[in-house]
Amino acid sequence: MLNALSQSAQRLMAMNDEVWARHANPVSGWSRVSILPLFAIAVWSRVWIDWWALVPVGAVLIWTWLNPRLFSSPASTDNWMSQGVLGEHVWLSRGKECVLAHHGPVIRNLTISTAAGVVMLLIGLVVLNVALTTTGLAVAMLSKLWILDRMVWVYSEVDDGEGLASLE
(Lines give C-alpha, C1' and ligand atoms only; values in the text may rest on other atoms or scores of the structure.)
Protein backbone atom coordinates (compact mmCIF):
# COMPACT_ATOMS: atom_id res chain seq x y z
CA MET A 1 0.00 0.00 0.00
CA LEU A 2 2.78 2.45 0.93
CA ASN A 3 4.64 1.68 -2.28
CA ALA A 4 1.41 2.29 -4.21
CA LEU A 5 1.12 5.71 -2.55
CA SER A 6 4.72 6.51 -3.49
CA GLN A 7 4.11 5.46 -7.08
CA SER A 8 0.93 7.57 -7.18
CA ALA A 9 2.92 10.56 -5.97
CA GLN A 10 5.53 9.85 -8.63
CA ARG A 11 2.81 9.84 -11.33
CA LEU A 12 1.30 13.05 -9.93
CA MET A 13 4.72 14.70 -10.08
CA ALA A 14 5.15 13.34 -13.67
CA MET A 15 8.57 11.95 -12.80
CA ASN A 16 10.01 10.30 -15.89
CA ASP A 17 13.64 9.19 -16.31
CA GLU A 18 14.74 12.62 -17.58
CA VAL A 19 13.18 14.41 -14.59
CA TRP A 20 14.75 11.90 -12.18
CA ALA A 21 18.14 12.51 -13.81
CA ARG A 22 17.76 16.28 -13.34
CA HIS A 23 16.49 15.80 -9.79
CA ALA A 24 19.69 13.84 -9.04
CA ASN A 25 21.48 17.19 -9.11
CA PRO A 26 22.38 17.73 -5.45
CA VAL A 27 21.16 21.33 -5.60
CA SER A 28 17.71 20.01 -6.52
CA GLY A 29 17.75 17.39 -3.79
CA TRP A 30 18.98 19.68 -1.02
CA SER A 31 16.67 22.53 -1.99
CA ARG A 32 13.69 20.16 -1.75
CA VAL A 33 14.49 19.73 1.93
CA SER A 34 13.02 23.23 2.28
CA ILE A 35 9.55 22.18 1.12
CA LEU A 36 7.97 21.07 4.43
CA PRO A 37 9.26 24.05 6.45
CA LEU A 38 8.17 26.44 3.69
CA PHE A 39 4.76 24.76 3.55
CA ALA A 40 4.39 25.07 7.33
CA ILE A 41 5.27 28.78 7.24
CA ALA A 42 2.97 29.35 4.26
CA VAL A 43 0.00 27.70 6.00
CA TRP A 44 0.77 29.41 9.31
CA SER A 45 0.85 32.78 7.51
CA ARG A 46 -2.95 32.70 7.46
CA VAL A 47 -2.67 34.15 10.97
CA TRP A 48 -1.02 37.27 9.57
CA ILE A 49 -2.36 37.57 6.02
CA ASP A 50 -5.66 35.68 6.15
CA TRP A 51 -6.76 34.27 2.77
CA TRP A 52 -3.70 35.75 1.10
CA ALA A 53 -1.89 32.76 2.64
CA LEU A 54 -3.10 30.82 -0.39
CA VAL A 55 -0.47 32.69 -2.44
CA PRO A 56 2.56 31.35 -0.53
CA VAL A 57 0.90 27.92 -0.23
CA GLY A 58 0.45 27.89 -4.00
CA ALA A 59 4.04 29.04 -4.48
CA VAL A 60 5.30 26.13 -2.35
CA LEU A 61 3.19 23.67 -4.35
CA ILE A 62 4.54 25.09 -7.63
CA TRP A 63 8.11 24.93 -6.22
CA THR A 64 7.50 21.27 -5.30
CA TRP A 65 6.58 20.42 -8.89
CA LEU A 66 9.14 22.66 -10.60
CA ASN A 67 12.18 21.86 -8.46
CA PRO A 68 13.16 18.52 -10.03
CA ARG A 69 12.90 20.13 -13.47
CA LEU A 70 14.89 23.32 -12.86
CA PHE A 71 18.38 21.87 -12.60
CA SER A 72 20.55 20.11 -15.14
CA SER A 73 21.63 16.54 -14.68
CA PRO A 74 24.65 16.43 -12.39
CA ALA A 75 28.13 16.08 -13.83
CA SER A 76 28.78 13.47 -11.15
CA THR A 77 26.59 11.36 -8.90
CA ASP A 78 29.44 10.77 -6.49
CA ASN A 79 27.66 12.47 -3.57
CA TRP A 80 25.17 11.48 -0.91
CA MET A 81 22.18 13.45 -2.19
CA SER A 82 22.48 12.34 -5.83
CA GLN A 83 22.79 8.72 -4.79
CA GLY A 84 19.84 9.07 -2.42
CA VAL A 85 17.64 10.50 -5.17
CA LEU A 86 18.74 7.84 -7.65
CA GLY A 87 18.23 5.16 -5.01
CA GLU A 88 14.67 6.41 -4.55
CA HIS A 89 14.12 6.08 -8.29
CA VAL A 90 15.56 2.56 -8.20
CA TRP A 91 13.40 1.66 -5.20
CA LEU A 92 10.20 2.91 -6.82
CA SER A 93 10.90 1.08 -10.06
CA ARG A 94 12.63 -2.08 -8.79
CA GLY A 95 11.97 -2.29 -5.04
CA LYS A 96 10.15 -5.60 -5.25
CA GLU A 97 13.19 -7.39 -6.66
CA CYS A 98 14.61 -10.03 -4.33
CA VAL A 99 18.01 -8.35 -4.22
CA LEU A 100 16.42 -5.24 -2.64
CA ALA A 101 13.71 -6.93 -0.54
CA HIS A 102 15.72 -6.76 2.69
CA HIS A 103 15.29 -2.96 2.65
CA GLY A 104 11.49 -3.24 2.63
CA PRO A 105 10.79 -3.44 6.38
CA VAL A 106 13.04 -0.49 7.22
CA ILE A 107 11.69 1.66 4.39
CA ARG A 108 8.12 0.75 5.33
CA ASN A 109 8.66 1.72 8.98
CA LEU A 110 10.39 4.97 8.03
CA THR A 111 7.59 5.79 5.58
CA ILE A 112 5.04 5.23 8.38
CA SER A 113 7.11 7.48 10.63
CA THR A 114 7.27 10.16 7.93
CA ALA A 115 3.50 9.93 7.42
CA ALA A 116 2.90 10.18 11.18
CA GLY A 117 5.08 13.29 11.27
CA VAL A 118 3.15 14.82 8.38
CA VAL A 119 -0.16 14.07 10.14
CA MET A 120 1.14 15.74 13.33
CA LEU A 121 2.36 18.68 11.26
CA LEU A 122 -0.99 19.09 9.52
CA ILE A 123 -2.96 18.84 12.78
CA GLY A 124 -0.60 21.38 14.34
CA LEU A 125 -1.17 23.72 11.39
CA VAL A 126 -4.96 23.32 11.58
CA VAL A 127 -5.13 24.06 15.31
CA LEU A 128 -2.16 26.48 15.26
CA ASN A 129 -0.20 24.56 17.89
CA VAL A 130 3.52 25.39 17.70
CA ALA A 131 4.67 22.30 19.61
CA LEU A 132 2.64 19.88 17.49
CA THR A 133 3.64 21.65 14.27
CA THR A 134 7.37 21.66 15.03
CA THR A 135 7.35 18.11 16.39
CA GLY A 136 5.54 16.86 13.30
CA LEU A 137 7.93 18.79 11.08
CA ALA A 138 10.97 17.34 12.87
CA VAL A 139 9.64 13.77 12.79
CA ALA A 140 8.69 13.99 9.11
CA MET A 141 11.96 15.58 8.01
CA LEU A 142 14.24 13.33 10.06
CA SER A 143 12.37 10.23 8.89
CA LYS A 144 12.55 11.37 5.26
CA LEU A 145 16.28 12.04 5.53
CA TRP A 146 16.74 8.60 7.06
CA ILE A 147 14.82 7.11 4.13
CA LEU A 148 17.10 9.04 1.80
CA ASP A 149 20.10 7.55 3.58
CA ARG A 150 18.64 4.08 3.05
CA MET A 151 18.15 4.97 -0.63
CA VAL A 152 21.90 5.61 -0.91
CA TRP A 153 22.34 2.03 0.26
CA VAL A 154 19.77 0.81 -2.29
CA TYR A 155 21.59 2.71 -5.03
CA SER A 156 24.97 1.28 -4.02
CA GLU A 157 23.58 -2.25 -4.32
CA VAL A 158 22.43 -1.79 -7.91
CA ASP A 159 24.94 0.76 -9.23
CA ASP A 160 27.06 -0.72 -11.98
CA GLY A 161 29.63 2.07 -11.74
CA GLU A 162 28.01 4.14 -14.47
CA GLY A 163 25.82 6.34 -12.28
CA LEU A 164 22.71 7.49 -14.15
CA ALA A 165 23.20 4.89 -16.88
CA SER A 166 22.38 2.14 -14.41
CA LEU A 167 18.73 3.25 -14.35
CA GLU A 168 18.11 2.88 -18.06
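**Close-up views of a predicted helical model**

**View 1. Leu128 in the loop between α8 and α9.** Leu128 counts as partly exposed, with a relative accessibility of 35% (buried is under 20% relative accessible area, exposed is over 50%, and partly exposed lies in between, with a 1.4 Å probe and protein chains only). The structure is a predicted model, in which local features need pLDDT of at least 70 and side-chain atom pairs count only at pLDDT 80 or more, while totals for chains, interfaces and linings use all residues. Residues are numbered from 1 along each chain as its sequence is written, and side-chain values use heavy atoms, without hydrogens and water. Helix α8 covers residues 104-127, and Leu128 is in the loop that leads from it to α9. Phi of Leu128 is positive, near 55°, although the residue is not glycine.

**View 2. The whole chain, for orientation.** The chain has 9 helices and 0 strands (DSSP runs numbered from the N terminus: H or I of at least four residues for helices, E of at least two for strands). Its order along the sequence is α-α-α-α-α-α-α-α-α. Of the 168 residues, 39% are buried. Among contacts (heavy atoms within 4.5 Å) with a separation of 6 or more, 73% are between residues 24 or more positions apart.

**View 3. Asp50 in the loop between α5 and α6.** Helix α5 spans 46-49, and Asp50 sits in the loop between it and α6. Asp50 is not a glycine, yet its phi is positive, at about 55°. The residue counts as exposed, at 52% relative accessibility.

**View 4. Arg69, a buried residue with no salt bridge.** Arg69 belongs to helix α6, residues 54-70. The nearest side chain of opposite charge is that of Glu18, 8.9 Å away (Lys and Arg count as positive, Asp and Glu as negative; His and the chain ends are not counted). The Arg69 side chain reaches the backbone oxygen of Trp65 at 2.6 Å.

**View 5. The salt bridge between Lys144 and Glu88.** The structure contains 1 salt bridge (a side-chain nitrogen of Lys or Arg within 4 Å of a carboxyl oxygen of Asp or Glu). Its partners are Lys144 and Glu88, whose closest N and O atoms are 3.4 Å apart. Lys144 is in helix α9 (residues 130-158) and Glu88 in helix α7 (residues 80-94), so the pair ties together parts 56 residues apart in sequence. Lys144 is partly exposed, at 36% relative accessibility.

**View 6. Val33, with Lys144 for reference.** The C-alpha atoms of Val33 and Lys144 are 9.2 Å apart in space, while the residues are 111 apart in sequence. Val33 is found in the loop between α3 and α4 (35-44), and its relative accessibility of 27% makes it partly exposed. Leaving out residues up to four places away in sequence, Val33 touches Met81, Met141 and Leu145.

**View 7. The aromatic pair of Trp30 and Trp80.** The count of aromatic pairs is 1 (ring centres of Phe, Tyr or Trp, the last by its six-membered ring, within 6.5 Å; planes under 30 degrees apart are stacked, over 60 edge-to-face, the rest tilted). Trp30 and Trp80 are stacked, with 5.6 Å centre to centre and 25° between the planes. The pair links distant parts of the chain, as Trp30 is in helix α3 (residues 26-32) and Trp80 in helix α7, 50 residues apart. Trp30 is partly exposed at 45%, and Trp80 is partly exposed at 30%.

Terms used:
A polar contact is a pair of N or O atoms within 3.5 Å; within protein, one must be able to donate a hydrogen and the other to accept it, and residues adjacent in sequence count only if both atoms are side-chain atoms.
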